[in-house]
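Here are my notes after a first pass through the model. Have it open beside you while you read; I start with the pocket and then move to the sheet.

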Amino acid sequence: MNNGLTFIEPTEEHARLLLDWRTRPDIAGQMLTSVPYDVERQKAWLRRCAERDDYVHRILCVDGEPAGHVSITVTEPAWRIAAIGVLMGERAGRQGAAPLNFAYMLNHIFFTMGLRKVVNHILGTNSPRLLKGQPMIGYRPVGVLKRQVVKDGQEIDLHVFEMLAEDWLAVRERFKVYEDMDGREWR
């Protein structure tokens with residue numbers, strides 16, 4: 001893959017790493033759900049994920065080192081729609097070429113999985129830069145669900161973005177990433 005980015009399938013051996021990231025306060029505050037710090041429960045979740053046909057996830061590695069977790073969930077199989085999740089656990093995942101992870105994910109969604117649409121939900125507590133960057137990637141802002149999520153008693157806006165396969169085809173050339181998360185090339 002280009003740019004020193006690779007993606008590996010998580011195994012039970014990654015349970016503690018994923019859980020450490022997922023429960024870190026700066027990351028947990030940006031996630032829709034909360035999880036307890038329970039390694040055995042995390043291992044069980046990883047086993048269940050491996051059996052699903054509506055869920056694809058990978059550990060994003062930068063220069064061979066784990067830096068984050070990305071996921072694709074098919075939310076509407078009959079309509080061929082997915083939602084994505086991205087968690088950057090290490091600084092390397094938030095700088096350099098690593099933010100191009102979305103291109104590999106979108107290639108995976110539209111080419112490998114043959115889906116036609118992806119919907120992205122982003123908590124309002126995330127960086128304003130992240131929200132402003134979505135249209136540059138090719139997402140269309142759908143709107144804001146005001147005070148949609150309640151975490152720790154705080155009501156948080158949920159920003160919704162969507163992209164069709166043809167939207168991605170119209171902008172993907174500017175990113176020069178043609179591989180999916182498994183290294184298959186789609187030109």
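1. The largest pocket comes out at about 1,800 Å³. For the record, a pocket here is an open set of points on a 1 Å grid over the protein atoms alone, where a 1.4 Å probe fits, with protein on both sides within 12 Å along at least five of seven lines; lining residues have an atom within 4 Å of a point. Grid points are joined across faces, edges and corners, and the volume is the space filled by probe spheres set on the points.

2. Two caveats on the source. This is a predicted model, so local features need pLDDT of at least 70 and side-chain atom pairs count only at pLDDT 80 or more, while totals for chains, interfaces and linings use all residues. Numbering runs from 1 along each chain as its sequence is written, and side-chain values use heavy atoms, with hydrogens and water left out.

3. Back to the pocket: 49 residues line it, and the closest to its centre are Met31, Gly85, Val86, Leu87 and Met88. The elements that give two or more residues to this lining are H1, helix H2 (25–28), helix H3 (39–51), E3, E4, helix H4 (101–112), strand E5 (117–123) and helix H5 (128–137). Helices (H or I, at least four residues) and strands (E, at least two) are DSSP runs, numbered from the N terminus. By type, the lining splits into 23 nonpolar, 18 polar and 8 charged residues. In that count Ala, Val, Leu, Ile, Met, Phe, Trp, Tyr, Cys and Pro are nonpolar, Asp, Glu, Lys and Arg are charged, and the others, Gly among them, are polar.

4. Glycine 85 deserves a look of its own. It lies in strand E4, and at 22% relative accessibility it counts as partly exposed, since buried means under 20% relative accessible area, exposed over 50%, and partly exposed in between (1.4 Å probe, protein chains only). What does glycine 85 touch beyond its neighbours within four places in sequence? His69, Val70, Ser71 and Met105, with contact meaning heavy atoms within 4.5 Å.

5. Now the sheet. It is open, with 7 strands in the order E1-E2-E3-E4-E5-E7-E6 and mixed pairing; two strands pair if DSSP finds at least two bridges between them. From one strand to the next the twist averages 30 degrees. Helix H1 (residues 15–23) packs on the sheet, touching strand E2 (55–62), strand E3 (65–76) and strand E4 (81–88), and its direction makes about 80 degrees with that of E3. Axes are lines fitted to C-alpha atoms, for helices over the stretch in contact, and angles run from 0 to 180 degrees between N-to-C directions.

6. At the E1 end, 4 bridges join E1 to E2 in antiparallel fashion. Phenylalanine 7 stands opposite leucine 60, and isoleucine 8 opposite isoleucine 59. E1 has a covered face, Leu5 and Phe7, and an uncovered one, Thr6 and Ile8.

7. Is E2 enclosed or open? Largely enclosed by the rest of the structure, because 8 of its 8 residues are buried. Tyr55, His57, Ile59 and Cys61 point one way from E2, and Val56, Arg58, Leu60 and Val62 the other. E2 also pairs with E3, antiparallel over 8 bridges, and histidine 57 has serine 71 as its bridge partner in E3.

8. At the other end, E6 and strand E7 (residues 154–164) run antiparallel, joined by 8 bridges. Valine 144 is bridged to histidine 159 in E7. That histidine 159 is buried, with a relative accessible area of 17%. Its contacts, not counting residues up to four places away in sequence, include Asn120, His121, Ile122 and Leu131.

9. Last, some backbone angles to check. Most residues other than glycine have a negative phi. Arginine 80, in the loop between E3 and E4, has a positive phi of about 60 degrees and is partly exposed at 40% relative accessibility. Aspartate 152, in the loop between E6 and E7, has a positive phi near 50 degrees and is exposed at 83%. Aspartate 63 also takes a positive phi near 50 degrees, in the hairpin of E2 and E3, which has 2 residues between the strands.
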